[in-house]
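Here's a quick walk through some side-chain features worth a look. Keep the model open while you read.

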Amino acid sequence: MKKIKQLYRLLRILFLVNLVLFFLAPVHGQDKSFILANNEVKGEIASYGIIYLTDPADPYHADIIRDRPWGVSRLIYRTGDSGWIDFHHDSTRIIKGDKTEVTILASNNDSLSMKQVYRLHKDAVDLDIIISTGLDQPVTIGDLALGLPWRRPSGEEPEYIFEECFTKHHFISGHGSFLYFTRPSGEGPFVMVLPKKGTKLEYFDNRNRQYNAYIFSELSGNEVVSGTWRQEHTGIELLPGNRSVSYGFRFRWADSWDDMRDILYEEGLFDIRVVPGMTIPSDLKAQFSLHTKNDIQSITAEFPDETEIRFIGEKQPDHFVYEVKFNKLGENMLTINYGEGAKTYLEFFSTEPVETMLRKRASFLVNSQQHRDTSKWYDGLFSVYDMKNSVLRGPDNTDGFDGWWGYVLACDDPALCKAPFLAAKNVYYPDDEELKAVEYYLENFVWNGLQRTDKDDPYPYGIYGVPNWKEARDWKPREPDTTGKEILHVWRSYDYPHIVMLYYHMYQIAKMYPEKVDYLDAGGYLERAYQTARAYFRYPYDILPYYDTYKWGCYNELVIEKLINDLMEEGRNKDAEWLRTEYEKKVKYAIYDDKYPFRSEYAIDRTAFESSYAFARYGSLHEMEPDTNSWYDRNKKIWRSHPVVRRSDARDFMDRQHYAGLAVRGWLESKYFLLGSDFTSSSDNHCLSYMSMMGGRSILDYGVHFADEPHDWLQLGYASYLSSWSLMNTGTEESDYGYWAPGKENDGAVGWAFMESKHGRAWIRKQVDRGAWFYDGEIDLGLGATTRTARTVLTYDPLFGWISYGGILERDSEGFSIIPKDGVRNRFALVTDDLRAQVELNRDGFRKDDIITVNKELSSISFIIENRYGKPHNTRIYVENYQGLIPKLNVGGREISMQKVIDGNWMADIKVSVDNTVVSLGFKK
């Protein structure tokens, strides 16, 4: 017995020793590693791959790799007709290692072996993958994937998030594929993953909780039985005998966005540019440039009988420019055939004309998405539509949106964005039935329901939050705040700008078309807009300071700038000044008080970039006063002061926020759901949402007016504007009224966002196939920005020459003729080296299918105004030019003086007749 006890104690000691050794042992048994480093790149290689990768010149020493190594993550094969075998890395070991090269070998029961060879080059680390077999029967590789788990933004520490973490961008497109990772600050260096010649990527997934890019995906791709994929899932067969295949990648750092484009060209891939975007309305054509060393043999269309492709020429050395016109609605793929059987794919989406979609969306909201039942507390609600099942959801038909998730159906961004979209559209295209629906919503759902009235105390004009106003009103208040008031559920700051926007546009409509409104007159709507904006700045921060109203960007809040101007014009100077003071607190905070003011609800959030640009623009154009103790920061417990305030500081911030915004937007990746698309850390399960257009408006406006080199940002800004229209389910009888959910009953429905994965779980807890999500939700936020984004732009692009974004361009000896097709037809911009100017109408539009003319000297713009009211009235014309030029306006042969509003901004009210109102505009120094 004594010996047994001694043996037992010995076994316990051995167990504890082994347990300690287990926890002290390196991950994956990585008992040694080697450093590959020079002045351009530094990598550390262990037995399972590359475990550290950084740019030695990076002051933050940001390491892209997190948790697990980069290297082959999945190799599935079979011999003969046997079942699939998972190639385990148990025998992985380093067989060679020095300062320039590391070789890792793994074998599996003598049937297959794999070498991963890492080599140091002057500006990169290369990975070559060699798979060999000596069997006397064929070996089929079904899956071969490169695992790339990266350091995603996480935590709450701004410098770590924005300087040491990365967002992932990818272009999975055959032999022209690539990936790149950007820091959320938008500043370099950026890391690129570049397939070598002969290596393609065809698929991706997030199996085993890491990102995997597939060279072959025959097994994994076909295992996902739901959903579609635009590339073939392939494998490869190794014939009997001593056979091997090899594939390779290069890991390379880039200093800037332009540097990344140059590297794509240098490495034998494609630097692709497309105008006006990859979502192309059927009344427009697209051009694209392929900057490459490759010998392009042909470009073939997925639907050759319904696609027109024309080679325009080699505009610059190795820049091959093509024009394409799609006659089939929906997804359209072009295949670039080059080299020795190499292929790269361009994925476009063809839509109906933007104006058609804008009108269809408004009509669909009114006719298919409004609840009308006086017995229900939610009478008048515009709720979300399920286009997969052709069902309007609501509080009594939830599809699982219960409890807290009920907000999707009746409040917050998914539901509150719909009426503002309708109101914005009706400023330019008034429709009696649509306006009746909006006023019904205001009278029956908003006032004294969603929104507290002017008689309620406390918190008059407060907006109730999640999950809906009914439950929020029935909710027992928490303990009183420091003033003794009960804490009501009216503290969600994001809700307020939606309702401000709604009331403000209804004020515009009531003023322009007074007989088309019944619920309130213009003064009543203006008062509601002002009081709701006032509540926005007062209640959330007072009740729940977590909602950092002065620090976080909230969608639609830029409308407050116009509200301030109209309050002034209506003689409400005191109210305007109060609102201006509060708004400028946000502007100054963004410019001066935070190096990374790009958060919203989350520590990194694409939502911020509509507001950040609006703040930069405002600060660049307005003289703001210095201040002392302007507001008390309750979270940091400090007073905010700004002893020096300069417009030049705002202009510097404009550039900085612009580049940060690129980190959460597709730019080099040329697919319709990626180019111009928004995402957060990755586009895999959620991209192409409301910020595609809202943030795209920022980029487009920046390109038109402020960027030193505008053409990149005109390209990206316009692609962003068009991108999310691909989520619309519209069509003709020939196309069965929609691509995503065919059937006339769904003609006008729209998706919330885009699922890029073949199949995945969206964050709204729904399983979604690749394509548009089948709920609309927040997308009407983006579509609601149409009327402030849409414009037709004439410019000379260094690569494409004279082009018109959002228009059909003809050029002759007299100058230029442009037919606007941007969807609203109320803005026209001219962007050249010598002149940047924009003309805007506050109502009506340029006459449909008629030309805007620009003379060959680029000194005169002429157009005819389309009267959309049907009665004589006044329309206001705005002109922007920041080059010190003075506009000269002529209407019907009579010169009209223009009033200078602020530097570079002019306006005039003109009389618009029922018939033709001819306008010409020139400029003088």
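## Aromatic pairs

Rings of Phe, Tyr and Trp (its six-membered ring) count as a pair if their centres lie within 6.5 Å; planes under 30 degrees apart are stacked, over 60 edge-to-face, and the rest tilted. By that rule, the structure holds 78 aromatic pairs. Bear in mind that this is a predicted model, where local features need pLDDT of at least 70, side-chain atom pairs count only at pLDDT 80 or more, and totals for chains, interfaces and linings use all residues. Residues are numbered from 1 along each chain as its sequence is written, and side-chain values use heavy atoms, with hydrogens and water left out.

Take F204 and W229: their ring centres are 5.8 Å apart and their planes sit at 70 degrees, so this pair is edge-to-face. F204 is in strand β14 (residues 203-205) and W229 in the loop between α3 (218-223) and β16 (236-238), so the pair ties together parts that are 25 residues apart in sequence. Helices (H or I, at least four residues) and strands (E, at least two) are DSSP runs, numbered from the N terminus. F204 is buried at 2% relative accessible area, and W229 counts as buried at 18%. Here buried means under 20% relative accessible area, exposed over 50%, and partly exposed in between (1.4 Å probe, protein chains only).

## A stacked pair and a cluster

F673 and F754 are stacked, at 4.7 Å centre to centre with 10 degrees between the planes. This pair links distant parts of the chain, with F673 in the loop between α16 (647-662) and α17 (690-705) and F754 in strand β32 (residues 754-761), 81 residues apart. Both F673 and F754 are buried.

Back with F204 and W229, ring pairs join them into a cluster with W70, W150, F181, Y203, Y211, Y214 and F251.

## Around R876

R876 belongs to strand β43 (residues 873-880) and is buried, with a relative accessible area of 11%. Leaving out residues up to four places away in sequence, R876 touches (heavy atoms within 4.5 Å) E569, E840, L841, N842, M907, A908 and D909.
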